[in-house]
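Colleague: I'm new to this one. Could you walk me through its charged side-chain pairs?

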Amino acid sequence: MISIEEYRNIISELMDELPKEFFRDLSGGVIVSEALVIPDYARADDLYTLGQYQVASGIRQIIMFKGSFDRAYPRADAARAKELLRGILRHEFRHHLEFLGGIHNSDSLEAEDRRRKQAYLSGQ
């Protein structure tokens, strides 16, 4: 398991890989939380929220949950963590960019996430 310092450093490095335009209107920035977040619809201790794009009171931010990451990937070393976190962070940035672009159709990540949730709930 990586330390909180390593986690923060990896997130910082991954943000440096992204174009400046991705951060437009991300007024709350990217937050690292040590929380373990289990969605309220989880059937058991088998589903974790690893990242979240959030819009509240006009503030747009991405939250990365280290506690959830640790639970989902307890044996990830720094190299593996970076690979996994790259995908999670870019997923959340895609939500941000689609939100800014007003994309809410059936091809959106939002719709894809709803389909994955439904598949999980139906046991597929």
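Colleague: Happy to start simple: how many salt bridges does the structure hold?

Modeller: Keep in mind that this is a predicted model. A pair counts when a side-chain nitrogen of Lys or Arg lies within 4 Å of a carboxyl oxygen of Asp or Glu. The number of salt bridges in the structure is 10.

Colleague: Is Glu-98 buried or exposed?

Modeller: Glu-98 pairs with Arg-94 in a salt bridge, with the closest N and O atoms 2.8 Å apart. Both lie in helix α3 (residues 78–101). Arg-94 is partly exposed at 34% relative accessibility. Buried means under 20%, and Glu-98 has a relative accessible area of 10%, so Glu-98 is buried.

Colleague: And Arg-116, does that count as buried or exposed?

Modeller: Arg-116 meets Glu-112 in a salt bridge of 2.8 Å, N to O. The two are 4 residues apart in helix α4 (residues 109–121). Glu-112 is partly exposed at 23% relative accessibility. The cut-off for exposed is over 50%, and Arg-116 has 52% relative accessibility, so Arg-116 counts as exposed.

Colleague: Which residues do salt bridges with shared partners join into one network?

Modeller: Here we move on from the pairs above. Salt bridges that share partners link three residues into one network: Glu-17, Arg-86 and Arg-90.

Methods. Residues numbered from 1 in each chain as written. Predicted model: local features only at pLDDT ≥ 70, side-chain atom pairs only at ≥ 80, totals over all residues. Heavy atoms only, no water. Buried < 20%, exposed > 50% of the residue type's maximum accessible area, 1.4 Å probe, protein only.
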